[in-house]
Each structure stands twice: as C-alpha cells, then as structure tokens.
Amino acid sequence: MGQGKYVAYVSTYTIGNQDKFGIRIYDVDMEKGRMTEKGHVKITNSSYITISHNQKFLYAITDFGVEAYRILPTGDLEEINEGSTNGMRGCYLSTDYTDRYLFVGGYHDGKVTVLRLKEDGGIGEITDEIYHKGLGSIAERNFRPHINCVKMTRDNKYLCAADLGMDHVNVYRVDLVNGKLSQIDMIRSEQESAPRHLKFSKDGKYLYIVHELKNYIDVYTYQEIHGNPEFEKIQTISTLNDYHAGSSAASALNISEDFKYVVSSNAGDNSAIVYKVDDKTGMLSKVFCLPVSGDYPKDANLFPDNRHLVSLNHESNTMTFFNVDLEKGLLVMNGKEIEIPQPNCIIFHKLAE
C-alpha cells in the first residue's frame, strides 16, 4: 500500500490571483509525508478535478465548462480539449466506471449534465441535461436546487446526485448506450442538513454521504433488488467532537487508498476527522477529530500510505501536513505549511512503473 511513485493534483480558484494556474502538480515524498511543486496548468477557477477510472485522463471544471487532460508518464498534464456544459460553472464531476461518460454537477443552476467521452479521453457532445426542481418562491440558499456531487454506483447502473439545496440525493438509472438519465429513486436527508459529497465503499455495498450544515455522515447499504436500487440508512455519525460549540460546516469526504478509512473536515471548527471502516458492517468509528492549523479545510486526505495527512485550507491559502498514527489516534504537525491560493481539492495519483 502506498508503494511506488505518486504525484498529487491540487485544484484551486484563480479569481483575484496574480497567476492563473488553477491546477498544480506535486511530487509526493511518501517517506517524509511532504509534497514539492513540479508543474502547473493554466486553467481558470478549477473548482473540482477527477481522474478517469482507467487512470489515463484528468478532467477539471473551469469557467467555460470542462477540460480534459492526458496524464503523461511523468504525471504532467497535456490538454486534450474542452467542452461546454451549456450552463453555469459546475462544482463537481466524475466519470462512469467504463469512462464512457462524464457527469457534471451544477451548484448554481441545479443541473446535471452528461457528456460523452471519446476514445482519446477528449470531451464529446452533451447527451443529457436534467434540472432539479425546487420549491419556487422560497428562493434562499436552501430550498433551491444546488447539485454538489454526482457519482455512479459501483455496479455502474445508477447515478447519485447530491442536492444540498433540496436535502436529498436523486438517483438516476443510466442508459450507457445513449447517455440518458431517468430518475428512479430519491434518498431523503434531514431538512436543512445539506448533503454535500458522497462516496461508495470498495465493494459498492455501502454509501457514505456527508452533510454540510448538520455536520454528520450518513451510512447506507446499497443493493439492487428486482432491477431497482435499494438504499437503507444504517448509521449517522457526527463529523465533530462532542464538546464542539459554534457554527461549523462539514466539507471533505475521501476514502483512503486501501478503503479502510474515511476522511472528512470541518470549516469553522477547522478540524479534520478520520473514521475507521468496519469491514463487515460498513459502519464508521471515529479515530480522531483534531485541528488542521488552517482556516476552512475544504478538502483533507490521507496520503496513500495512511501515515500522513494533508489539509487544504481554502481561506488561509495554505496546505498543512501532519504525521498520523491511526492506531493511537494521533495527528502531529509535519513541517511548515505550503502556500497555495484558495485550494479546493486534492487527488493522489500513482505513476505507472
């Protein structure tokens, strides 16, 4: 686990920054738990990035829609093309497990966009667009559709779209031939809990949903019964310590490379939290929730060796590094912070031998 050479990709906003490098590429020193910048890509306001399941391509949100890059053997990125999402700037994107389609979630316009992907990894035409419907007149932040995450079930049959404005996750059946979506189910969250990101366990049997405003993760079982998806809630666990006071917003949701741990973070509380995943039940138990020495940790992730952790502190424009001992539940600062403007998300990528 965590063997071999890795790079890390970090996406950032570029509004108001002198440089226009919305994606930065880092060499990862797994022994020391540190990262060194080795390259960058000019792209505006890269709010989220994802890597295709075949590990060959990286896709990024940008002001103009989405951009596709080829991942070179060195980990550097080579632009393939860009595609329009025919709407406002997206905030999340992911591919299906066969890398035939790219799904984009729109926070501002509450839209799911499906784009066909080409053989060379490039972005093709839009095959479907679905607007989530809201409650109309109560046009505050809540009660308006804000899609914040789009992810396929691991059997590659259904797309889950987390709508933090409407407090539910829409579930769509995906026609992989024509790239069309049809809504078949809805996972309802507590009102004003704001489901933000979701992830599936390695075997695809468990679904984890982090809720931004109520600071907890819901765990669901997932199975397909008689050709329909069935989700059942089995756990709700807080992203905060019991003694926490004051306003806080949960943001990150990542699963360690070995799928044994789930990582989240809290803005306001400015903490990172790591949970251990129970192999048999899929349920979570808290390992630690500790401060990240930065403001608004928008993303946090364990290094692939599970011995280090990095926090992306959006408001203090830094990345902070920690040594972790998951047996003892310890998080200790590791070296000085790295300055980076408005970081959004981080992905570790293993280079081919």
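## The β10–β11 hairpin

In the hairpin of β10 and β11, five residues sit between the strands, and G121 takes a positive phi near 90°. Strands here are DSSP runs of E, at least two residues long, numbered from the N terminus. β10 covers residues 111-117 and β11 covers residues 123-131. They run antiparallel and are joined by six bridges. K111 stands opposite Y131 in β11.

This is a predicted model: local features need pLDDT of at least 70, side-chain atom pairs count only at pLDDT 80 or more, and totals for chains, interfaces and linings use all residues. Residues are numbered from 1 along each chain as its sequence is written, and side-chain values use heavy atoms, with hydrogens and water left out.

Strands of a sheet pair through backbone hydrogen bonds, either parallel or antiparallel.

Two strands count as paired if DSSP finds at least two bridges between them. S11 has I23 in β2 as its bridge partner.

I15 lies in the loop between β1 and β2. I15 counts as exposed because its relative accessibility is 54%; exposed means over 50%, buried under 20%, and partly exposed in between (1.4 Å probe, protein chains only). Beyond residues up to four places away in sequence, I15 touches N45 and Q342. Contact means heavy atoms within 4.5 Å. The C-alpha atoms of I15 and P341 are separated by 9.3 Å, although the two are 326 residues apart along the chain.

N301 lies in strand β24 (residues 297-302). N301 is buried, with a relative accessible area of 9%. Leaving aside neighbours within four places in sequence, its contacts include N254, V263, H308 and F348.

Methods:
Helix = DSSP H or I, 4+ residues; strand = E, 2+ residues; numbered from the N terminus.
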